[in-house]
Amino acid sequence: MRLHPDVSMTDTDDGTVLLHQRTGRYWQLNVTGSRVLHRLLDGDAPEAIADGLAAAHGIDPQRARTDVAAVVGQLRSAELTVAP
């Protein structure tokens with residue numbers, strides 16, 4: 001996964017801010033959402049990201065997979081990312 005060419009990204013103390021320059025819309029990801037995005041951009045599979053979150057935070061692995069899939073879906077539906 002990679003950012004859409006029209007999207008710029010800035011990391012903050014509270015997560016990540018994304019700006020879609022074509023639409024002028026901003027999105028803010030919290031720290032966990034930011035980590036998910038960075039790992040996706042690094043080429044990690046959503047399942048591996050979810051498993052890491054589940055282990056690190058002691059949450060149900062299926063819940064983590066559902067949450068990561070939701071982040072991926074929202075990034076795509078907002079046209080913030082594109083598949084490689």
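In this predicted model, the buried residues of helix H1 are covered by elements that include strands S2 (7-12), S3 (15-20), S4 (25-29) and S5 (81-82), together with helices H2 (46-57) and H3 (61-77). The buried residues in question are Gly33, Ser34, Val36, Leu37 and Leu40, within the H1 segment of residues 31-41. Around the helix axis they cover an arc of only 160 degrees, which means that they lie on the same side of H1. An α-helix has 3.6 residues a turn, so residues three or four places apart point the same way.

The chain as a whole contains three helices and five strands. Read from the N terminus, the order of these elements is β-β-β-β-α-α-α-β. Of the contacts in the chain with a separation of 6 or more, 38% are made by residues 24 or more positions apart.

The overall dimensions agree with a globular form: for 84 residues a compact globule would have a radius of gyration near 12 Å, and the chain has 13 Å. The C-alpha trace spans about 40 × 30 × 20 Å along its principal axes.

| Property of the chain | Value |
|---|---|
| Residues that count as buried | 32% of the 84 residues |
| Accessible surface | about 5,100 Å² |
| Part of the accessible surface belonging to carbon and sulfur atoms | 49% |
| Positive side chains | 8 side chains |
| Negative side chains | 11 side chains |

The centres of the positive and negative sets of side chains lie 5 Å apart.

Methods: Residues numbered from 1 in each chain as written. Predicted model: local features only at pLDDT ≥ 70, side-chain atom pairs only at ≥ 80, totals over all residues. Heavy atoms only, no water. Helix = DSSP H or I, 4+ residues; strand = E, 2+ residues; numbered from the N terminus. Rg over C-alpha atoms; globule rule 2.2 N^0.38 Å. Buried < 20%, exposed > 50% of the residue type's maximum accessible area, 1.4 Å probe, protein only. Contact = heavy atoms within 4.5 Å. Areas by Shrake-Rupley, 256 points an atom, 1.4 Å probe, with all protein chains shown as cover. Lys, Arg positive; Asp, Glu negative; His and termini not counted. Charge placed at Lys NZ, Arg CZ, Asp CG, Glu CD. Arc of directions from axis to C-beta.
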